[in-house]
Amino acid sequence: MARDLSYLCTACGARHPKWSGRCDACGEWNTLVEEAGTPGPRSAPKGRILTLTDLATAESPPPRTEAGVAELDRVLGGGLVPASAILVGGDPGIGKSTLLLQAAARFARNGLKVIYVTGEESAAQVRMRARRLGLSESPVHLAAHTALRDVLATLEAEAPQLAIIDSIQTMWLDTVESAPGSVSQVRACAHELTALAKRRGIAVVMVGHVTKEGALAGPRVVEHMVDTVLYFEGDRGHQFRILRAVKNRFGPADEIGVFEMTGRGLVEVRNPSALFLAERGTPAPGSVVFAGIEGTRPILCEIQALVAPAAPGQTRRSVVGWDGGRLAMILAVLDARAGLSFAGLDVYLNVAGGLRITEPAADLAVAMALVSAQSQRALDPQTVLFGEISLSGALRPVAQTENRLKEAQKLGFTSAILPVLPRRAAKTGLDLREMPDLASAVQRHLRG
């Protein structure tokens, strides 16, 4: 049967029935390439249908396997699930290969048969890194292949319980007429590896590069194929690394694991809050402590703001670790509801420690850091803040208030500024300063 022809955009992965110079989906020029579709089956056999009662009486799946690294097991949802497909993304040089080599060694020591397939380095280079990390005696099998057919044949023959593919962008399939790393190749290779994982019960971990915008390179359909998507975040100039689950079919999403990069590789951080706050110096204007929640764990971190006079007509808004659009909203609410204008001022905001905050509960901490920086009056260093700000200036309660307060008390804080609680929180020993709106919090701070 003849194959149907279609055209695929190498920039965004959109499919088109005919060639054109410009992709209608993303607007890029000269990115459409010809792709032959696979012929359909002559007869479509009926698949096996099961009911939930059939599944209840079927054999239970194998249990999870823990790596023995608490931070990694936390992000995976309690350990490695057999027959799962995991995609790990991150910037070049952030430590993805180091993390996975250490994880492979731990899983191998726990009794799993592990194959580490490298497409970017030779087996000798991987062995050299393992020796530097003190893992040279670990029973991990190495393979250096880029042809996916060779990789699949090796995995079929060896039948490992865990296979690590480093990286999916270097793999190529001979039935796809495009270069390795292209949208077509990445999608086809990810599909073959995911199908192998489900068919043979192998847990497959694929390493993926990210684009300059921070998203995983390749088509978004790859993220839909796999069971778990992890991002390895952090600044290469900073020792902290964050492993974040943005999708997990077997555990909570948005869970994070914190690691520290050392000369002996990545070391898990058992108490991230204490580490993020360890570098706090003398209390200064613009510095506040935010009590946040990442996944299921409370984390305290420092938010720093700096306000300085700007050149005429050249005001700057620079943000590291937070959403720039959210900062613009907070500045507008401070102007309209609290009477504080930042016009003609440069505003710089930074989340210390390389952590990236996404939850709106940081609104109050950011606003008070800006107020403190503008007024040149430092907040009490033993106070934590959290709360969401509405456009009306009202403060809204946020989830897991008691967990945030317990973490603050555990680290020695004595008070908290937060929205008015709908019900009385459990006794934590903290002095709770409940504020109905942003204007009240600003006025209390300015009055001292």
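Which residue does the side chain of Arg-326 meet in a salt bridge? The partner is Asp-363, with 2.6 Å from N to O. The model is predicted, so local features need pLDDT of at least 70 and side-chain atom pairs count only at pLDDT 80 or more, while totals for chains, interfaces and linings use all residues. Residues are numbered from 1 along each chain as its sequence is written, and side-chain values use heavy atoms, with hydrogens and water left out.

**Salt bridges around Arg-326**

- The structure holds 18 salt bridges, each being a side-chain nitrogen of Lys or Arg within 4 Å of a carboxyl oxygen of Asp or Glu.
- Arg-326 and Asp-363 make one of these contacts; Arg-326 lies in helix 9 (residues 324-338) and Asp-363 in helix 10 (residues 363-375), so the pair ties together parts that are 37 residues apart in sequence.
- Helices here are DSSP runs of H or I with at least four residues, strands are runs of E with at least two, and both are numbered from the N terminus.
- Arg-326 is partly exposed at 23% relative accessible area, whereas Asp-363 is buried at 0%.
- For these labels, buried means under 20% relative accessible area, exposed means over 50%, and partly exposed is in between (1.4 Å probe, protein chains only).
- A network of salt bridges links Arg-326 and Asp-363 with Glu-388 and Arg-396.

- Asp-174 and Arg-149 meet through their side chains in a salt bridge of 3.7 Å, N to O.
- This pair links distant parts of the chain, 25 residues apart: Arg-149 is in helix 5 (residues 148-158), and Asp-174 is in the loop between strand 7 (162-166) and helix 6 (183-200).
- Glu-156 forms a salt bridge with Arg-200, and their closest N and O atoms are 2.2 Å apart.
- Here the link runs from Glu-156 in helix 5 to Arg-200 in helix 6, 44 residues apart.
- Glu-156 is partly exposed at 29% relative accessibility, and Arg-200 is partly exposed at 36%.

- An open sheet of 7 strands has mixed pairing and the order 15-16-14-13-17-20-21; two strands pair if DSSP finds at least two bridges between them.
- Strand 15 (317-320) and strand 21 (431-435) are the edge strands, each pairing on one side only.
- Strand 14 (residues 297-309) and strand 16 (residues 345-351) run antiparallel and are joined by 7 bridges.
- Gln-304 stands opposite Asn-350 in strand 16.
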